[in-house]
Amino acid sequence: MMNAQRNEADVAVRVDRVLESALKDKRVVGAVVKVAKDGELIVNRAVGSSDREAGVPMREQTAFRYASLTKPIVVATALILVEQGVLSLDDAITRWLPEFRPSFGNAPSTITVRHLLTHTSGLGYGFFEPRGDGPYHAARVSDGLDQPGLSIEENLARLGGLPLKFAPGSAWLYSLAHDVLGEVLARASGLPLPELVARYVTGPLGMTATSFGAKKMSDLATPYADGTPEPTRIEDGTVVPFGDGGVAFAPSRALRPDSYPSGGAGLVGTASDFLRFLEAIRTRAPFAPKHLLDAMTADQIAPLTSPILGDGWGYGFGVSVLRDPAAADSPMSAGSFRWGGAYGHSWFVDPRAGVSAVLLTNTTFEGMVGALRTDLERAILDQPSGERRS
């Protein structure tokens, strides 16, 4: 017992050091970190500022724009509907979206629910295109983070008129698939996506701070982008460079109820709520069927790979899955799963270690793919460089 307590205290000390370094170097403006070990909260930290200019400190219950933390929550909702027989994994989505018929190579293509869940549909994201160029930009397709007030019908019309990047099932590409999935769920069930998510996931799990949208800007952490000598504030229309492309943001989208509920990026919520969700997945809580949660967190795309996922990683339903810790240079055990969010978030679950961890920051993209994510993973799992889990 004493050793367990000492180890947990050591984790908290290491996490504090990593956070202090990120703040000192001005890599992030603020962050909330929560870590559970075997169901016990061992790290609970809020550091820095929620709004730097207004002098508002970050708090443990500060709400954030979840961005892609939305995806696994919507996926869990979909799997519950699968269990209920509302839809099946191998249904063609034209059953509910007859107007959505993108083609590949001038031939009709069948996209299934499974393709949407695994990002093997042939759809893409506009932010992967060279800045300001490419078919998604030309058609003004929204990535679910911009264009406040846009309807899902209009965005699907824009997206559906473009050719697929590849034949469904033949490759993996991170995409708007979960936005399409959200509308499939709504039409299949006859209920709006926000009501479905609340009924089947956030309500049963007590995620009371999680919803599609917020009432006022001050309810949410102010977003910032990586910058020198310090991060810069993100406003509507800000485009943050990302690889060869750039992500267009509109923070006000979260305040506009006429913005479509993006199944890939539309939720807002707290670190506490998301940790509650991760723990429900890790422990196979009975809010969803165990066999489908097993499938969600298992590699569904092997032998497909992608530079976006990285060496040693596969993909399940809405989460990346660790195939090979050594190839991935990861401190996590094989079978661990993780993802992040464009507003500056990352999370992981290591089932073998009994650990669930959430990092929410207000700094894009340091909190998602920067050194902070890697440093925290190693601090939490106490895995120095050169050592690997099997």
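**View 1. Strand 1 (residues 30-37) and strand 2 (residues 40-51) pair in the antiparallel sense over eight bridges.** This is a predicted model, in which local features need pLDDT of at least 70, side-chain atom pairs count only at pLDDT 80 or more, and totals for chains, interfaces and linings use all residues. Residues are numbered from 1 along each chain as its sequence is written, and side-chain values use heavy atoms, with hydrogens and water left out. Gly 30 has Gly 48 of strand 2 as its bridge partner. Strands are DSSP runs (E, at least two residues), as are helices (H or I, at least four), numbered from the N terminus; two strands pair if DSSP finds at least two bridges between them.

**View 2. An open sheet is formed by eight strands in the order 3-2-1-17-16-15-14-13, with antiparallel pairing.** Strand 3 (56-57) and strand 13 (313-315) stand at the edges with a single partner strand each, so one side of each lacks a neighbour in the sheet.

**View 3. The largest cavity has a volume of about 110 Å³.** Of its 14 lining residues, the closest to the centre are Ser 346, Trp 347, Phe 348, Leu 359 and Glu 377. Helix 12 supplies the largest share of this lining, five residues. A cavity is a set of points on a 1 Å grid over the protein atoms alone where a 1.4 Å probe fits but cannot get out; lining residues have an atom within 4 Å of a point. Grid points are joined across faces, edges and corners, and a volume is the space filled by probe spheres set on the points.

**View 4. The second largest cavity has a volume of about 50 Å³.** Its lining consists of Phe 64, Arg 65, Ala 221, Pro 223, Tyr 343, His 345, Thr 361 and Asn 362.

Key. 1 Å grid on protein atoms, 1.4 Å probe; cavity = no way out; pocket = protein on both sides within 12 Å on 5 of 7 lines; lining within 4 Å.
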